[in-house]
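Visitor: Hi, could you walk me through this structure? I'd like to ask questions as we go.

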Amino acid sequence: MSKLDTYPYRPPKRYTKKSLHGRVRGMMIPYDDYRRAVLFYSQVFGWDMMRVPQGVFIEDSDERPHLMCATGPSQVSWEASVPGHVWAQLVARERVPKVQTFTEVSMDVPLAETVKTMTDRGWKVVSRTEIDGDWADFVVVEDPDGNRQLLWKCPSSRTWEEPEAGYDKD
């Protein structure tokens, strides 16, 4: 029996203390019709929305705004406050052409090493972004099936007191 045959039957592991490596933090959902997208996600799922401040991840315009969505109970920063919820962003398709998850990667491993591990396995780099300071160093990668992930290297400024980091406290 191969590892793939037994994988679905393994109980969930407990993640390493003080590591959010592999944590899906959010998702970006492209829209074509702004009004239709806002009405759909707010009326069907009850998501709360606000416009993302300029310069946070993606530049936008008044006609094609970039919205942060709370998919459930959230903090003031729009981070989920209850396990099982993440934030979502509605983004004009010309800025983010495919749905992508926003995933944290190890703060103890250089982002380039994580990306190399992925590209060695057939993933490809779509884009890289580095913003001054250590808050926004991320790479968008695409798997062999065309699915995208934005990999965000957790900043060294993390205090582990943030509510979203509290899941692993004993």
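This is a predicted model: local features need pLDDT of at least 70, side-chain atom pairs count only at pLDDT 80 or more; totals for chains, interfaces and linings use all residues.

Visitor: How many aromatic pairs does a search of the whole structure find?

Guide: The search finds eight. Rings of Phe, Tyr and Trp (its six-membered ring) pair if their centres lie within 6.5 Å; planes under 30 degrees apart count as stacked, over 60 as edge-to-face and the rest as tilted.

Visitor: Why is the pair of phenylalanine 102 and tryptophan 152 called tilted?

Guide: The ring centres of phenylalanine 102 and tryptophan 152 are 5.9 Å apart and the planes sit at 35°, so this pair is tilted. Phenylalanine 102 belongs to strand β5 (residues 100-105) and tryptophan 152 to strand β8 (residues 148-153), so the pair ties together parts that are 50 residues apart in sequence. Strands here are DSSP runs (E, at least two residues), numbered from the N terminus.

Visitor: Are those two buried or exposed?

Guide: Phenylalanine 102 is buried at 3% relative accessible area, and tryptophan 152 is buried too, at 5%. Buried means under 20% relative accessible area, exposed over 50%, partly exposed in between (1.4 Å probe, protein chains only). In β8, five of the six residues are buried.

Visitor: In which sense do β5 and β8 pair?

Guide: They pair in the parallel sense, over six bridges; two strands pair if DSSP finds at least two bridges between them. Threonine 101, for example, has glutamine 149 in β8 as its bridge partner. β7 and β8 run antiparallel, joined by five bridges.

Visitor: New topic: where is aspartate 143 found?

Guide: Aspartate 143 is in the loop between β7 (137-142) and β8. Aspartate 143 is buried yet has no salt bridge, and the nearest side chain of opposite charge, lysine 98, is 7.6 Å away. A salt bridge needs a side-chain nitrogen of Lys or Arg within 4 Å of a carboxyl oxygen of Asp or Glu. For charge, Lys and Arg count as positive and Asp and Glu as negative; His and the chain ends are not counted.

Visitor: And what lies 2.8 Å from a polar atom of its side chain?

Guide: That is the backbone nitrogen of aspartate 145.

Key. Residues are numbered from 1 along each chain as its sequence is written. Side-chain values use heavy atoms; hydrogens and water are left out. Helices (H or I, at least four residues) and strands (E, at least two) are DSSP runs, numbered from the N terminus. A polar contact is a pair of N or O atoms within 3.5 Å; within protein, one must be able to donate a hydrogen and the other to accept it, and residues adjacent in sequence count only if both atoms are side-chain atoms.
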